[in-house]
Amino acid sequence: ADEMHHLEERGGWGEAFERAFSKARLVLMTTGTPFRSDGGRIPMVQTETAGSGMEKIVCNFSYGYDKALMDGVVREIEFQPWEGSVQWRVTPTEGDTQEYDHGISEDLRVTYTDKLAKGEVEKLEGDRIRHCMDLPADGDGDCGYLIKALAEADTMLKGIRQTSHPYAGGLVVCRDCAHADATAALLERLTGQAPVVIHGGENGSLATEAKARLTSFQKSLTSQRERWMVTVGMVTEGVDVPHLRVLVYATAVRAPLRWTQIVGRVLRKEDDIEMQTAVAYMPREPFLEELMNNMRSAVQSYKHRK
């Protein structure tokens, strides 16, 4: 079974797989993402509790980021985490509007211990990361993170192009199509260059056009090509663009599976390019910080052993 994390027991596939192969003498199962973000059970595997309470598959053999670094097939990565406050307001159907102001790295589970139910705290965590990505047109947010991250990331990307990688590209992953369009407009104002925007549109009507733009961006290995690509989900899994070097995380996704897929877009390595370090800009939100620390540890271990 390849990519067996899709075999969730309640989804039909997992139950059918378990019935069909219950008497198998040998079972070989592979995956690039040994967990499910929804916590669903995967048949025929052992699991253990990982960070943030998630169930992770216990693998007989694993090839992770640390080993890939030692084999020289992926880039080292540096994270540039943003530390700031996020302000937002919530207007319930009934009752008064409530205003919130919390640091992005603040542990809301500690802040609201014995004050709010677990589900309410989780909603606040989701609201905070979502409003962290707000643009001026969104009204509630102050856009502090995106303006800083986009400006600094473009300076970093231009430096990489000037010193070692003339056709290096940058990737911004947004939360939805409208957000991607607005972020692209902000990026153009900040950098003076319009990015390539790649998404299928709200109803999928732009998918063919978006795929053509993606193919052009992939194949154009020249310094004249646009520096930035802005997308939602079309470049986060199974797309090979090795010249992507800088990432701006502009989505509210905190699930390890999706996060790993997104960060992986800037880790592909090109044999003929030196100074291959990738750089990722994202908020220092507690869940994301935990994921970043795991990769930082792998890089530090690699440097120590190198």
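Colleague: Which rules on numbering, pLDDT and atoms apply here?
Modeller: Residues are numbered from 1 along each chain as its sequence is written, and side-chain values use heavy atoms, with hydrogens and water left out. In this predicted model, totals for chains, interfaces and linings use all residues, whereas local features need pLDDT of at least 70 and side-chain atom pairs count only at pLDDT 80 or more.

Colleague: Which residues of α7 are buried?
Modeller: Helices (H or I, at least four residues) and strands (E, at least two) are DSSP runs, numbered from the N terminus, and α7 covers residues 207-219. Buried means under 20% relative accessible area, exposed over 50%, and partly exposed in between, with a 1.4 Å probe and protein chains only. By that rule, the buried residues of α7 are A210, L214 and F217.

Colleague: Seen down the axis of α7, within what arc do its buried residues fall?
Modeller: The arc is that of the directions from the helix axis to the C-beta atoms. The buried residues of α7 line one face of the helix, because they fall within an arc of 65°.

Colleague: Against which strands do the buried residues of α7 pack, and which residues are exposed on the other side?
Modeller: Contact means heavy atoms within 4.5 Å, and the buried residues of α7 pack against β6 (169-174), β7 (196-198), β8 (228-231) and β9 (244-250). On the other side of α7, the exposed residues are T208, K211 and K219.

Colleague: How far apart are the end C-alpha atoms of helix α5?
Modeller: The expected span of a helix is 1.5 Å times one less than its number of residues. Helix α5 has 20 residues (residues 144-163) and should therefore span 28 Å, which agrees with its end C-alpha atoms being apart by 29 Å.

Colleague: Within what arc do the buried residues of α5 fall, seen down its axis?
Modeller: The buried residues of α5 are Y145, L146, A149, L150, A153, D154, L157, I160 and R161, whereas the face turned away from the buried side carries the exposed residues T155, Q162 and T163. The buried residues line one face of the helix, because they fall within an arc of 140°.

Colleague: How far apart are the closest N and O atoms of E152 and K148?
Modeller: A salt bridge is a side-chain nitrogen of Lys or Arg within 4 Å of a carboxyl oxygen of Asp or Glu. E152 and K148 both lie in helix α5, four residues apart, about one turn of the helix. An α-helix has 3.6 residues a turn, so residues three or four places apart point the same way. In the salt bridge of E152 with K148, the closest N and O atoms are apart by 2.6 Å.

Colleague: What is the C-alpha to C-alpha distance between E289 and F79?
Modeller: E289 lies in helix α9 (residues 286-305), and at 18% relative accessibility E289 counts as buried. E289 and F79 are 210 residues apart in sequence, while their C-alpha to C-alpha distance in space is 9.7 Å.

Colleague: What is the phi of D114, a residue that is not a glycine?
Modeller: Most residues other than glycine have a negative phi, and most peptide bonds are trans. D114 lies in the loop between α3 (108-111) and α4 (118-132), and D114 is exposed, with a relative accessible area of 80%. Although D114 is not a glycine, its phi is positive, at about 65°.

Colleague: Which residues form a nonpolar patch on the surface?
Modeller: Patches are made of residues with over 30% relative accessible area and no salt bridge, with like charges joined within 9 Å and nonpolar side chains (Val, Leu, Ile, Met, Phe, Trp, Tyr) within 5 Å. Accessible areas come from the Shrake-Rupley method with a 1.4 Å probe, and for residues only the protein chains shown count as cover. One member lies in the loop between α1 (13-20) and β1 (47-49), namely F21. With about 250 Å² of accessible area together, the patch is formed by F21, V27 and M44.
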